[in-house]
Amino acid sequence: VEVKIEVVLPEKERAKEEMSPNGKASPLVYKVNGTARHYHLEEHPITINPYQNVKDVVEASVCHVKDLENGQMREVDLGCGKALLIKENGDYYAMGHKCPHYGAPLVKGVLSKGRVRCPWHGACFSIGTGDIEDFPGLDSLPKFQVKIEKEKVYIRASKQALLTQRRTKVMAKCISLSNYNISSTNVLIIGAGAAGLVCAETLRQEGFSDRIVMCTMDRHLPYDRPKLSKSMDSHLDQITLRPKEFFRTNDIEVLTETQVAAVDTKNKTAVFKDGFKMDYNKLLIATGNTPKALSCKGKEVENVFNIRTPEDANRVVKLASSKNAVIVGASFLGMEVAAYLTEKAHSVSVVELEEVPFMKFFGEKVGQALMKMFENNRVKFYMQTEVSELREQEGKLKEVVLKSGKVLRADVCVIGIGASPATGFLKQSGINIDSKGFIVVNKMMQTNTPGVFAAGDAVTFPLALRNNKKVNIPHWQMAHMHGRIAALNMLAHGMEINTVPYLWTAVFGKSIRYAGHGEGFDDVIFQGDLDELKFVAFYTKNEEVIAVASMNYDPIVSKVAEVMASGRAIRKRDVE
């Protein structure tokens, strides 16, 4: 098959070219067996034959047909790499065996209704295509051919795919770059976190071939933000989600260190802080949130941090090395930072208003068990108190004074007391914002303003799992899904969000996984042993399970997430 792509000519010469009947830019031409056919990318995304290079192909017998029952998965070795073999409803499927997010072995995950859910962080992949269907992560899995001969199962696979264990979906090229106006874009994305990036990638994967501009106040291209508190020494190149070439290749423009000051929805214009204006056709607001600061005396002192950037995280580790670190706030960020610093710092202290860490999220008993684990790792807790003053010596932090009267020695302080949505710039826009500052969206991530979508930590949306209650879920997986749903609805797919929230925290080499939305739980049912940190906790409200958390109990959280995703209710009596 010969594939030729015609170069799109500059504006003047292109005027001479025929426009296609629907007035779009001249379509690309593909030559197949010498016959030219005109396709629009929206109609026919390019599919690439994964077996073009014969030398790259390996075929191996991996098992007998009777070795696998329906509903079973097996990791099989093809000599130069492994694959995941699946049998469902009498059919065999084969694809990559590692989750492209953090490399979890998918054989330990959950197979249900044509998809596999990762045991670690809940990403889902179609067994028919290998495509990613729920997040986190950006890439899909490579899919391999299966054939049955003489009662034996054979897999034919690309050696390269076995090696990489990931597949980036084919993306459309932008066909209007040669004649665009610099101050006008078809899609403008404000914010370059998970929601913004997934939105841009989804548009290109779905064949969208017009201009996409992302802008961010950050200095960097999109990166893996959860790692800032879980793996604080990470260098930027270790946590960047896509390399610079990716954005160039796929014509996704990223304006870094750029702030939008206002949005004029009537004229469809974004006004930047430096006065520059950009017109848009569709807008995604994915600005995330802004960390809350302390309001006490001395809050301007040096060496007090909110962890917002890789530079912040790296600097905190450096300053804490063999010194005294104080963490204010005992939720996800604060506890992850405290855990990470125990091996680096001379002392680590945590200050918190509640009685136990993670109180609102995990409840008292889980909070107590985790607190004990931290205390066994030399972390000191000062609970049910607040900071009243930060004292300095020569401009730098020296002591943290608590309302209880206690004075803590401190060379560095990290603040993790929550965040507010970064939506102040939308005040005059006419976009619906609730009393807490969150952008209100429907199940299609649309705001009340036509053509304006919002996603990620700055929104409240209807959660199907909780009878469409409007919720804010500022977590990594959810931001990915918001970005995808927004993109599909920019393209008028009419797609509603129906995902189960899934999150995790990692401390002292142990992971706590969580699925559902436990806000307002009135009881917790435990299985396993809390003291041994091998347990599952079911959070219930009015006799129904609304969330689940576990430690050392995989893949229970992924199993529960699959049941919730299917729309089935789990009653309290089912887990008691």
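A polar contact is a pair of N or O atoms within 3.5 Å; within protein, one of the two must be able to donate a hydrogen and the other to accept it, and residues adjacent in sequence count only if both atoms are side-chain atoms. S158 sits in strand β12 (residues 152-158); helices (H or I, at least four residues) and strands (E, at least two) are DSSP runs, numbered from the N terminus. With 7% relative accessibility, S158 counts as buried, where buried means under 20% relative accessible area, exposed over 50%, and partly exposed in between (1.4 Å probe, protein chains only).

Before we go further, a word on what you are looking at. This is a predicted model, in which local features need pLDDT of at least 70 and side-chain atom pairs count only at pLDDT 80 or more, while totals for chains, interfaces and linings use all residues. Residues are numbered from 1 along each chain as its sequence is written, and side-chain values use heavy atoms, with hydrogens and water left out.

Now step back to the overall layout. The domain assignment of the chain gives domain 1 (54-164), domain 2 (184-290 + 421-491), domain 3 (304-417) and domain 4 (502-574); such bounds come from an automatic or database domain assignment.

Let us look at how domain 1 and domain 2 meet. Taken over C-alpha atoms, their centres are separated by 33 Å. Domain 1 brings 9 residues to the contact and domain 2 brings 12 residues, contact meaning heavy atoms within 4.5 Å. Between them the two domains bury about 880 Å², with 61% of it on carbon and sulfur atoms; buried area is the accessible area (1.4 Å probe) that two parts lose on being put together, summed over both. On the domain 1 side, Y102, F135 and L138 lose the most area to domain 2, together 66% of what that side buries.

What polar and charged pairing is found across this interface of domain 1 and domain 2? The rule finds 4 residue pairs in polar contact, both residues at pLDDT 80 or more, along with 1 salt bridge. By class, the side of domain 1 that touches domain 2 has 4 nonpolar, 2 polar and 3 charged residues. Here Ala, Val, Leu, Ile, Met, Phe, Trp, Tyr, Cys and Pro count as nonpolar, Asp, Glu, Lys and Arg as charged, and the others, Gly among them, as polar.

Salt bridges deserve a tour of their own. Side chains of opposite charge can pair when their charged atoms come close. The rule asks for a side-chain nitrogen of Lys or Arg within 4 Å of a carboxyl oxygen of Asp or Glu, and the structure holds 29 such salt bridges. Among them is the pair of R242 and D139, whose closest N and O atoms are 2.8 Å apart.

R211 and E253 form another, with 2.7 Å between the closest N and O atoms. This pair links distant parts of the chain, 42 residues apart: R211 lies in the loop between α3 (194-205) and β14 (212-215), and E253 in strand β15 (residues 252-255). R211 is buried, at 4% relative accessibility, and E253 is buried too, with a relative accessible area of 19%.

Compare D554 and R513, whose side chains meet in a salt bridge at 2.9 Å, N to O. They too link distant parts of the chain, with D554 in the loop between β38 (544-551) and α11 (556-565) and R513 in strand β35 (residues 510-516), 41 residues apart. Here D554 is partly exposed, with a relative accessible area of 38%, whereas R513 is buried at 7%. Elsewhere, salt bridges that share partners join E59, K147, E149 and R156 into one network.

Helix α8 (residues 332-341) has 8 of its 10 residues buried, so it is largely enclosed by the rest of the structure; F332, M335 and V337 are among the buried residues. V401 is found in strand β26 (residues 396-402) and counts as buried at 8% relative accessibility. Leaving out residues up to four places away in sequence, V401 touches E386, V387, S388, E389, R391, K406 and V407.
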